[in-house]
Amino acid sequence: MGSSRVKQKNPSNQLGLNPNWAQLQQKLKSHGPKPPRPSNNAQAQTQKPILGKRKERPDAESDDSRINPLFPINDDSSVTDVIAMDCEMVGVGQGNKSALGRVSLVNKWGNVIYDEFVRPIERVVDFRTEISGIRPRDLRKAKDFQVVQKAVAEIMKGRILVGHALHNDLKVLLLSHPKKDLRDTSEYQPFLKEGGRRALRYLAAEFLGVQIQNGEHCPAMSIMG
């Protein structure tokens with residue numbers, strides 16, 4: 001399971017623009033301020049398998065020249081000025097109350113800087129494995145909630161935090177973050193539809209052309225998606 005060791009920020013890596021962000025900017029320009037939700041047929045034509053699996057790709061040669069948005073663009077695992085976070089929850093109490101089961105953070109290059117399973121304070125009654133991907137064995141040697149909470153708070157401090165519906169993640173962490181330092185894709189105006197917010201899997205399909213969150217979730221993949 002993931003390492004909790006945190007590397008120091010490397011100032012020399014703060015320069016330049018992540019090609020994945022540049023790619024997204026071009027997508028936004030071409031889609032306009034309020035892109036429509038993709039149809040099932042459109043998704044089927046544009047989606048690529050998660051993690052860029054190539055065994056069934058007929059045009060592998062052309063794909064090799066493209067930037068896969070789910071791949072880190074380098075091996076820099078330092079804690080950058082911009083980070084992204086996603087959490088997976090388990091059920092406690094009567095099962096309808098959520099508690100933190102796993103938290104993952106990546107830096108602006110897409111490399112994991114923190115990834116831990118978490119032992120909730122209350123007894124887990126529903127692991128929600130079909131969505132969370134968490135199993136009983138994952139929590140047997142998991143870190144205590146207070147330990148993970150403190151580590152995440154230290155990493156977030158003074159940095160831009162990116163995520164989707166971040167209020168849910170911060171709620172289960174029992175943490176807050178300055179609003180000016182939040183970048184929430186569920187509230188970003190160009191991503192909104194007429195009825196309100198859009199699920200991350202639809203945004204990933206439309207703007208990045210990748211398929212995520214089909215079945216068990218991996219928080220690190222959700223962040224990069």
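The model is predicted: local features need pLDDT of at least 70, side-chain atom pairs count only at pLDDT 80 or more, and totals for chains, interfaces and linings use all residues. Residues are numbered from 1 along each chain as its sequence is written, and side-chain values use heavy atoms, with hydrogens and water left out.

**Confidence**

- Helix α6 (residues 145–156) has the highest confidence, at a mean of 98.
- Helix α3 (residues 60–63) has the lowest, at a mean of 44.
- Residues 9–15 have pLDDT below 50; beyond near neighbours in sequence, this stretch has 14 contacts in the model. Contact means heavy atoms within 4.5 Å.
- Residues 42–63 stay under 50 in pLDDT, and the model gives them 30 contacts beyond four places in sequence.
- Where pLDDT is low, the predicted coordinates should not be read in detail.

**Overall make-up**

- The protein has nine helices and seven strands. These are DSSP runs numbered from the N terminus: helices are H or I with at least four residues, strands are E with at least two.
- Of the 225 residues, 45% are buried. Buried means under 20% relative accessible area, exposed over 50%, and partly exposed in between (1.4 Å probe, protein chains only).
- Among contacts with a separation of 6 or more, 65% join residues 24 or more positions apart.

**Salt bridges**

- The whole structure holds six salt bridges. Each is a side-chain nitrogen of Lys or Arg within 4 Å of a carboxyl oxygen of Asp or Glu.
- D115 and R102 pair at 2.9 Å, N to O. D115 sits in strand β3 (residues 112–119) and R102 in strand β2 (residues 97–107), 13 residues apart. Both residues are buried.
- R119 and D144 pair at 2.7 Å, N to O. R119 lies in strand β3 and D144 in strand β5 (residues 143–144), so the bridge ties together parts 25 residues apart in sequence. R119 is partly exposed at 31% relative accessibility, and D144 is partly exposed at 39%.
- D181 and K180 form a salt bridge, with the closest N and O atoms 3.3 Å apart. D181 is buried at 11% relative accessibility, whereas K180 is exposed at 63%.

Notes
pLDDT is the predictor's confidence in each residue, from 0 to 100.
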